[in-house]
Amino acid sequence: MPSRLRPTAPVAPDAILVGDPGRALLLAQELLEQPRMSNHARGLWGYSGQTEEGHGLTIQATGMGGPSAAIVLADLAKLGVRRAIRVGTCTGLAPEIEAGDLVLAAEAVARGGSAAAYGVELGESVPPDRALFARLRESLGEASNPVRVASLDAHPVDRAEAGDAVEAADMQTVAVLARSRQLGVAAAALLIVSEVGEAHLDDEALESASRRAGIAARGALST
């Protein structure tokens, strides 16, 4: 049995991972026909159910930061999760990226020391699962926007620490991709640009972008 999650309903082999428990609830209501809470231990809300296509799906909150996401992912792997898509937020760093955009992590660069716990050295990059990445690109269609993401251990983002050769930055993608590789879980990441410079999404715009990202992730996992 996992050490942190306490499942109260079956966990599906496919999962969407979100940092915020509130976003987990939002996506469960949007993506699942009759969502059942599958975890509430430690405030890490999780929901499982069937999509409208009849596909089993779990939506699980991971908390804040890479270490928390890696721990939750390990518990999910013990419960049978075999594919996972991170749907989270990031800071846009490239001039062409605007708040509200969805960006697809083509690779994630370790810019925080915690990445060493997953076998990734500072400056090293981690790719997503190729098949799942391709399914996400197909699901997004013309909205597909592959970028290089830096994962840091702190927020707000320090542009100098993130590095010049990245278009976005967050706190979890390296952890999710690297730990999934260790666990034998196929993983990818679809990120919502929630802030660019001084521009931040308001709650309504963030919810709308979260729904768009969730629908795209559901489409990728339904194939």
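## A walk through the predicted model

Both Asp14 and Arg83 are buried.

### Salt bridges

Asp14 and Arg83 join their side chains in a salt bridge, at 2.8 Å from N to O. Asp14 belongs to strand 1 (residues 14-18) and Arg83 to strand 5, so this pair ties together parts that lie 69 residues apart in sequence.

| Pair | N to O distance |
|---|---|
| Asp14 and Arg83 | 2.8 Å |
| Arg86 and Asp170 | 3.0 Å |
| Arg211 and Glu30 | 3.2 Å |

Let us take Arg86 and Asp170 next, whose side chains meet in a salt bridge. This pair also links distant parts of the chain, with Arg86 in strand 5 and Asp170 in strand 9, 84 residues apart. Arg86 counts as buried because its relative accessible area is 5%, under the 20% cut-off. Asp170 is buried too, again with a relative accessible area of 5%.

The side chains of Arg211 and Glu30 meet in a salt bridge at 3.2 Å, N to O. Arg211 sits in helix 6 and Glu30 in helix 1, so their bridge ties together parts that are 181 residues apart in sequence. Glu207 comes into the picture as well: salt bridges that share partners join Glu30, Glu207 and Arg211 into one network.

Helix 6 covers residues 203-221 and includes Arg218. With 12% relative accessibility, Arg218 counts as buried. Which residues does Arg218 contact beyond its neighbours within four places in sequence? They are Ile16, Glu30, Leu31, Thr51, Glu52, Glu53 and Leu57. Glu30 in that list is also the salt-bridge partner of Arg211.

Helix 1 runs over residues 21-31 and holds Leu25. Leu25 is partly exposed, its relative accessible area being 31%. Setting aside residues up to four places away in sequence, Leu25 touches Trp45 and Tyr47. From Leu25 to Gly119 there are 94 residues in sequence, and their C-alpha atoms are 32 Å apart in space.

### The largest pocket

The largest pocket has a volume of about 420 Å³. Its lining is made of 20 residues, and those that lie nearest the centre are Met64, Arg86, Thr89, His155 and Met171. Helix 1, strand 5 (83-92), strand 9 (168-170) and strand 10 (186-196) are the elements that each give two or more residues to this lining. Which element gives the most to the lining of the largest pocket? Strand 5 does, with five residues. Sorted by class, the pocket lining has six nonpolar, nine polar and five charged residues.

His155 has another feature to look at: the peptide bond from His155 to Pro156 is cis, with omega near 5 degrees. By way of background, most peptide bonds are trans. Pro156 is found in the loop between strand 8 (146-151) and helix 4 (159-162).

### The cavity

The structure holds one cavity of 30 Å³ or more. The largest cavity has a volume of about 60 Å³. It is lined by 14 residues, and the closest to its centre are Ser114, Ala115, Ser151, Asp153 and Val174. The lining of the largest cavity divides into seven nonpolar, five polar and two charged residues.

Is strand 6 mostly covered or mostly open? Strand 6 (residues 102-110) is mostly covered, with seven of its nine residues buried.

- Strand 10 pairs with strand 6 in the antiparallel sense over three bridges, and Leu191 in strand 10 is the bridge partner of Val103.
- Strand 8 runs parallel to strand 6 and is joined to strand 6 by six bridges; here Leu104 stands opposite Pro146.
- Strand 7 (residues 125-126) runs antiparallel to strand 6, with two bridges between them, and Ser125 in strand 7 is the bridge partner of Val109.

How values were computed. Residues are numbered from 1 along each chain as its sequence is written. This is a predicted model: local features need pLDDT of at least 70, side-chain atom pairs count only at pLDDT 80 or more; totals for chains, interfaces and linings use all residues. Side-chain values use heavy atoms; hydrogens and water are left out. Helices (H or I, at least four residues) and strands (E, at least two) are DSSP runs, numbered from the N terminus. Buried means under 20% relative accessible area, exposed over 50%, partly exposed in between (1.4 Å probe, protein chains only). Contact means heavy atoms within 4.5 Å. On a 1 Å grid over the protein atoms alone, a cavity is a set of points where a 1.4 Å probe fits but cannot get out, and a pocket is an open set with protein on both sides within 12 Å along at least five of seven lines; lining residues have an atom within 4 Å of a point. Grid points are joined across faces, edges and corners, and a volume is the space filled by probe spheres set on the points. Ala, Val, Leu, Ile, Met, Phe, Trp, Tyr, Cys and Pro count as nonpolar, Asp, Glu, Lys and Arg as charged, and the others, Gly among them, as polar. A salt bridge is a side-chain nitrogen of Lys or Arg within 4 Å of a carboxyl oxygen of Asp or Glu. Two strands pair if DSSP finds at least two bridges between them.
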